[in-house]
Amino acid sequence: MLLAKVVGTVVATRKDERLVSSKLLIALPIDPTGKPEGNYLVAVDTVDAGVGETGRIVSGSSARMASGLKDTPVDEDIIGVVDQ
């Protein structure tokens, strides 16, 4: 599980039909102090996160276990928004 700052959105005119109603966000992994670490990633948003918010991200097979994403082609998923 990662902490990441949401920094943008992805607009895709064509994508897998299993992702048609999903929002894709660009996120930058951060450490617990908020310092960036790692590379940007694209994650499916399941919790209505927005640009500027910090989210909890799961990856790999765990991402496909989130509600509504079973058997979808995802590798990262935002499963929570960090309040503080």
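**Overall fold and nonpolar cores of a predicted model**

For 84 residues, a compact globule would have a radius of gyration near 12 Å, and the protein chain agrees with this because its own value is 12 Å. The radius is taken over C-alpha atoms, and the globule rule is 2.2 Å times the number of residues to the power 0.38. The model is predicted: local features need pLDDT of at least 70, side-chain atom pairs count only at pLDDT 80 or more, and totals for chains, interfaces and linings use all residues. Residues are numbered from 1 along each chain as its sequence is written, and side-chain values use heavy atoms, with hydrogens and water left out.

The C-alpha atoms fill a box of roughly 35 × 25 × 20 Å along the principal axes. The protein chain has 5 strands and 0 helices. Its elements run β-β-β-β-β from the N terminus on. Both kinds of element are DSSP runs, numbered from the N terminus: helices are H or I with at least four residues, strands are E with at least two.

Of the 84 residues, 37% are buried. Buried means under 20% relative accessible area, exposed means over 50%, and partly exposed lies in between (1.4 Å probe, protein chains only). Contact means heavy atoms within 4.5 Å. Among contacts with a separation of 6 or more, 52% join residues 24 or more positions apart.

In soluble globular proteins, nonpolar side chains tend to be buried together. A nonpolar core is a set of buried Ala, Val, Leu, Ile, Met, Phe, Trp, Tyr and Cys residues joined through side-chain atoms within 4.5 Å. The largest such core has 9 residues: Ala 4, Val 6, Leu 25, Ala 27, Leu 41, Ala 43, Ala 49, Ile 57 and Ile 78. The elements β1 (2-9), β2 (23-30) and β3 (41-45) each give two or more residues to this core. A second, separate core has 5 residues, including Leu 24, Val 44, Leu 69 and Val 74.

Leu 41 belongs to the largest core. Beyond its neighbours within four places in sequence, Leu 41 is in contact with Leu 2, Leu 25, Ile 26, Ala 27, Pro 29, Ile 57 and Glu 76.

Glu 53 lies in the loop between β3 and β4 (54-59). Its relative accessibility is 32%, so Glu 53 counts as partly exposed. With neighbours within four places in sequence left aside, Glu 53 is in contact with Ala 4, Lys 5, Val 6, Asp 48 and Val 81. Glu 53 and Asp 83 are 30 residues apart in sequence, and their C-alpha atoms are 8.5 Å apart in space.
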